[in-house]
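These are my notebook entries on a single structure. I record what I looked up, entry by entry.

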Amino acid sequence: MSTTENHKLDIRRPDAHVIRRPDAHVIRRPDDWHVHFRDGGMMETVVPYTARQFARAIVMPNLAPPVTTVNAARSYRGRILAAVPEEVRFEPLMTLYLTDDTDAEEMSAGFRDGVFTAAKLYPANATTNSASGVSDISQIAGVLERMQADGMPLLVHGEVTDPAVDVFDREAVFIERVMAPLVRNFPELKIVFEHVTTSEAVDFVRARYDEAPGRMGATITAHHLMINRTDIFRGGIRPHLYCLPIAKREQHRLALRAAATSGDGPFFLGTDTAPHAVAAKETGCGCAGVFSAPVAMQVYAQAFDEDNKLDALEAFASLNGPAFYGLDVNTDTVTLERVESEARRRVLAPGGEEIESFFGDDKLQWRFSHS
Ligand code: DOR
Ligand code: ZN
């Protein structure tokens, strides 16, 4: 399905003989396996960006208050669908926010009924709206057993919250302290190591996948493929590049590039697009999150192209995620063309709040369209 055309016939119009499309790359429509939509006016503003590019998205449950019940997930899903533009087809896949008090019965029923696609583990206080997260993994042993028995995927924010651990080490330390024991103690549990940012995480996930394909996967964001930690301080502090897990050294960015562009099964697309109002980012204590939805596929295409791996983009964006989740792949296609354009720097939410887009200061090298 993946095709790169260099001055060739337009494959969508084989009868239109000499339509030339310089550097157009056609792939099955992608899915985004990690998004934050928020709620209210912010949600209405950001949902269309994701829905235009992606057929499905795993929706994070870290609202205030978080999505901890079947009813909350059902009604949130309804609000998201109401914000999807009429002309696009988009399916939000809902997740349950795990707490120390999660009811395994309700979770299991929600999974069986198709309300929940997965459950999300936030270590308490690791990131935005995670105060009600899990204080210690031992608190949810029964829930994890149930997930393992049901085949329900566990999505993990993989950072320790120990204030004594350097913020740049929190993912690597999490592997040792939490992820490795978790994988050992629940050998059949399907786990996604979300938004990996280190070579340690890449190696860990690849090794688990090699032992048992399909039991572990990892999402990789577009921004972690493009920036390292030095970029956050390029010429001054850049709050719009601050997210959690924070970008690491260049060697880690290169490891993420190699993992994503390998096209290998355990690695799939998850933007972690996380909008915050500009005022909440550009302040004395700014929120974590990069809003990448408007430019997601354009930036992924650029990263893969820079590494001469465009042929692996479809596996990463459109095939490996559905394989992990046991879902069908999408049948429609999208086109990425090598055409330079300005990204839109900011978008405006109904309350007058502005949200700054990733790549807002840069030129996009690729253009996205439906085939
Ligand atoms: O940077 C982040 N922003 N990381 C997260 O884990 C949460 C997210 C958010 O919700 O803003
Ligand atoms: Zn996230």
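Basis of the entries. I note that this is a predicted model, in which local features need pLDDT of at least 70 and side-chain atom pairs count only at pLDDT 80 or more, while totals for chains, interfaces and linings use all residues. Residues are numbered from 1 along each chain as its sequence is written, chains are lettered from A and ligands numbered from 1 in the order in which they are written, and side-chain values use heavy atoms, with hydrogens and water left out.

Ligand 1, continued. I looked up two further pairs: a polar side-chain atom of Arg38 is 2.7 Å from an oxygen atom of the ligand, and a side-chain N or O atom of Thr128 is 3.1 Å from an oxygen atom of the ligand. Alone, ligand 1 exposes 290 Å², of which the protein buries 100% (Shrake-Rupley method, 1.4 Å probe; for residues, only the protein chains shown count as cover).

Zinc ion (ligand 2). I find His34 (NE2), His36 (NE2) and Asp272 (OD) coordinating the zinc ion at 2.1 Å. Donors here are N, O and S atoms within 2.8 Å of the metal (3.2 Å for Na, K and Ca); water is not among the atoms, so sites may look incomplete. The spacing of the donors along the chain is H-x1-H-x235-D. His34 belongs to strand β3 (residues 32-35) and Asp272 to the loop between β10 (267-269) and α9 (278-281), so the pair ties together parts 238 residues apart in sequence. Helices (H or I, at least four residues) and strands (E, at least two) are DSSP runs, numbered from the N terminus. I record His34 as buried at 1% relative accessible area and Asp272 as buried at 6%; buried means under 20%, exposed over 50%, partly exposed in between (1.4 Å probe, protein chains only).

Helix α3 (residues 104-112). I list Ala104, Met107, Ser108 and Gly110 as its buried residues. Just after α3, I note a positive phi of about 80 degrees at Gly114.

Note on methods. A polar contact is a pair of N or O atoms within 3.5 Å; within protein, one must be able to donate a hydrogen and the other to accept it, and residues adjacent in sequence count only if both atoms are side-chain atoms.
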